[in-house]
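Hello,

Here is the structure I promised to pass on.

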Amino acid sequence: MSPRWNWDFEDEKRPVADRAPPPPGAPSGSEQRASVHRRRRLAAIAVIVAAASAAAIAALSGSHRQASGSTAALRAGGHLPGPSPAGALGGPSLQERTAVNSVLSYTRFVRQGGTRAREVALTFDDGPGPYTPGVLDVLERHHALATFFAIGRMERYFGDSTARQIRDGDAVGDHTENHRDLALLTRHELREELFEPLARVELLGGRRPRLLRPPYGSFNAATMRELHALHLLMVLWSVDTGDYLHPGVATIVARALEGARPGAIILLHDGGGDRSQTVAALPAIIERLRARGFDLVTVPRLLLDDPPPHGERLPTSLKGD
């Protein structure tokens, strides 16, 4: 795999004596020795949750508060929503979920939105992790929304951050269970990597994610078939800040601004290593994007307000984490 991937949680395929310690701040003990039975139980619970969710959506959709539909108010100094009522499903609004379905009707992937609206989407990969609360602090302080592509395995340690994202009105997408190269997996392995994070987000109170970002930008025909079966839209990116390489705060800010265009999807990271530079760069990114007249929206909101054009050609590969 790419040497860019710098993760520090245990690898279940390695002998116990050779495993790296869990991330800073992660609990120790039996949680780090999850078995196949645990994974099967999680999948079974997800089926139950999905069935219950279908019955609850009609009752909840009329009353659930959605932050993603009020970007203008947030820019004007509004407030992010409070915690969802007990049992409520958080995440993209019904309109935004419908917009994802609409885009899926003519393409299986997006790299950016349309070019009419002055909107950009900040996206964060590889969390949740020790630096995710710092990212959320900045977003909340600036009344900004983002999209997080989460690694399912990390929900064991940092699920509170994902629950916080859901409450804030951020969008949560699938970044696979173990950050594996999807193009190298068997069909069974691929299904497990894609499905398990969906169940984890539902168990944390969110709606089932409809967005998937492939680790390393790696995918093939089998990946696309599985995404179709799971009704997932692959979200790539148009701007790579390279923050995972620790280029410095000023460089991260400059790269984000240089690539900012209407419809841009900007790649950042809240996990996978030391993300202190990303946290430090985020206030300037938000402030300067807004100074240029951009609204910061989630990917589902971007697709609702200004969807990508038809006929985009699927790239063969992208590099990133």
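Predicted model: local features only at pLDDT ≥ 70, side-chain atom pairs only at ≥ 80, totals over all residues.

Leu94 and Gln95 are exposed, and they sit on the face of helix 3 turned away from its buried side. Helix 3 covers residues 94–104. Its buried residues are Glu96, Arg97, Ala99, Val100, Val103 and Leu104. Viewed down the helix axis, these buried residues fall within an arc of 155°, so they line one face of helix 3.

Next, Thr162. This residue belongs to helix 5, residues 155–168. Its relative accessibility is 0%, and the cut-off for buried is under 20%, so Thr162 counts as buried. What does Thr162 contact, leaving aside its neighbours within four places in sequence? The partners are Pro128, Glu155, Val172 and Leu204.

Last, a helix pair. Helix 6 (residues 187–203) and helix 7 (residues 221–230) have axes that come within 10 Å. The axes cross at roughly 50°. Helix 6 and helix 7 are therefore oblique to each other. Their crossing is right-handed. On the helix 6 side, the contact is made by Arg187, Leu190, Arg191, Leu194 and Phe195. Helix 7 contributes Ala222, Thr223, Glu226, Leu227, Ala229 and Leu230. By type, the residues of this contact between helix 6 and helix 7 split into 7 nonpolar, 1 polar and 3 charged.

Best wishes

Notes:
Residues numbered from 1 in each chain as written. Heavy atoms only, no water. Buried < 20%, exposed > 50% of the residue type's maximum accessible area, 1.4 Å probe, protein only. Helix = DSSP H or I, 4+ residues; strand = E, 2+ residues; numbered from the N terminus. Arc of directions from axis to C-beta. Contact = heavy atoms within 4.5 Å. Axes fitted to C-alpha atoms, helices over the stretch in contact; angles between N-to-C directions. Parallel < 35°, antiparallel > 145°, perpendicular 65-115°, else oblique. Left-handed = near helix turned anticlockwise from the far one by under 90°. Nonpolar A, V, L, I, M, F, W, Y, C, P; charged D, E, K, R; others polar.
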